[in-house]
Structure formats: structure tokens, C-alpha cells
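Here is a short briefing on charged side-chain contacts and pockets. Have the model open as you read.

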Amino acid sequence: TRDREHVAETVRYGKHMSILGGVQLLIAQIDQFLLWHFAGPVALATYAIALGPTRELRAIGESVSTIAFPRFAQKNATDASKGVPLRTIQLFFVLLILVVIYIILAPFLFKILFPQYLQAVFSSQLLAVAALFQPRALADMLLFAHGNIKDRYLITVPSQIIKLILFVILIPIYGLNGAIAGYILSEFVAVLFIGFV
């Protein structure tokens, strides 16, 4: 019976994570759809290229949190959470150094790799700043490791709704700049919700 309860709990948790993942996946595409609709394909291409380096920088934070998952899972929530603030600060400073380096090198990288999209350099530099919010992934992974469904909903659903609202308001008015502002603000909001929980 204990094994059955454990399996049922795992299945239930998996269903909730699938729902949350689906919501995030859907809203993750909305900025590109709105940008294409209101600003056109050129603005969308510029945004997509400018966002590329930011995604690579974010991947570093995601990799660190993935590596931390087994350690979080082996400890109880209280013990696992003790090291999170220090690791979060360390990851922030690593990303800060990388972001500064990227901002300096971006004009040269674009001249070599994307000479036809030099207008995307400044947008890319702005979006790179959003990677500084990625250390929140450690706290998020801690919640994931200990199956805290309620907190995951409290973090994910409101932050995704605000992200959607930001894009719906800003992109039709400001186009590419609205997408950039919405992206950065939504990342900041996600940090606030994790801090609140």
C-alpha cells in the first residue's frame, strides 16, 4: 500500500508539472506571435536573433540548477535550502561577469556572425541583462526536488499571467522595444514571486 501511495503521489505530481509546463510553453511563444502580428517579420527576426545569446547565458543557470537537483532531493527541504542563498549569489556573479563580457563583445560578434542584423546589437545587449535573473532557477529547482505543488503554482501561474499581460500591452504599442521590455520585466517578476514564496 505504501508503494501504491508513492506511485499515486508521483503520478499526481507529474500531472501537475505537465500542466505547469504546458502553460509556460504556450506563453513562451506568445511574444513571437504578437511581434510578428503587430511589428512584422523583420522585427520578429531581429528579436529572435537578439534573444539567442540570452538563452545561451540562461542555459548556464539552468545547467547549474539541474546539477544541484540530486543534492536537493537527497536532503530534507530545510537542510537543502541552507546552501541556496550562497549558491544563488555565486551564480549571479558568474553570470554578471559573462553578461558584461558579452555586452562588450556583442558588436564584434554580430559583425562576424550576423552582419545583416547589426541593428539587433543593442537589443541583444539589453536582453542579456535578463540572464542575471536566472539564478532563481536554484530556488525553483529546490521546490521541484521536494514536490511542493502549491508553491510551484504560486510561482508559475501568476508570473506567467503577468508575462502574458506585459506582452499583450507592450508589443502592440512599442513593437520590438515592447517585446524586449516585456521579456526583461517578466523575468524580474518571476524573481519576485520566488522571493515571495
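A residue counts as buried when its relative accessible area is under 20%, and as exposed when that area is over 50%. R58 has 14% relative accessibility, so R58 is buried. The model is a predicted one.

**Salt bridges of R58**

- R58 pairs with E62 in a salt bridge, at 3.6 Å from N to O.
- Both residues of this pair sit in helix α3, which spans residues 41-74. They are four residues apart, about one turn of the helix.
- E62 is partly exposed, at 36% relative accessible area.
- R58 also forms a salt bridge with E187, at 2.6 Å from N to O.

**Salt bridges of E187**

- E187 is buried, because its relative accessible area is 5%.
- E187 also forms a salt bridge with R136, with the closest N and O atoms 2.9 Å apart.
- This pair too joins distant parts of the chain: E187 lies in α9 and R136 in α7 (residues 136-145), 51 residues apart.
- R136 has a relative accessible area of 19%, so R136 counts as buried.
- Through shared partners, the salt bridges join R58, E62, R136 and E187 into one network.

**Largest pocket**

- The lining of the largest pocket has 29 residues. Nearest its centre lie Q24, R58, E62, R136 and Q160.
- Helices α1 (2-28), α3, α7, α8 (149-174) and α9 each give two or more residues to this lining.
- Helix α8 provides the largest share, six residues.
- Sorted by class, the lining of the largest pocket has eleven nonpolar, nine polar and nine charged residues.

**Second largest pocket**

- The second largest pocket has a volume of about 340 Å³.
- It is lined by 13 residues, and A68, R71, F72, G83 and R87 are the closest to its centre.
- At least two lining residues of the second largest pocket come from each of α3, α4 (77-82) and α5 (84-113).
- Helix α3 gives the largest share of this lining, five residues.
- By class, the second largest pocket is lined by seven nonpolar, two polar and four charged residues.

Technical notes:
Residues are numbered from 1 along each chain as its sequence is written. This is a predicted model: local features need pLDDT of at least 70, side-chain atom pairs count only at pLDDT 80 or more; totals for chains, interfaces and linings use all residues. Side-chain values use heavy atoms; hydrogens and water are left out. A salt bridge is a side-chain nitrogen of Lys or Arg within 4 Å of a carboxyl oxygen of Asp or Glu. Buried means under 20% relative accessible area, exposed over 50%, partly exposed in between (1.4 Å probe, protein chains only). On a 1 Å grid over the protein atoms alone, a cavity is a set of points where a 1.4 Å probe fits but cannot get out, and a pocket is an open set with protein on both sides within 12 Å along at least five of seven lines; lining residues have an atom within 4 Å of a point. Ala, Val, Leu, Ile, Met, Phe, Trp, Tyr, Cys and Pro count as nonpolar, Asp, Glu, Lys and Arg as charged, and the others, Gly among them, as polar. Grid points are joined across faces, edges and corners, and a volume is the space filled by probe spheres set on the points.
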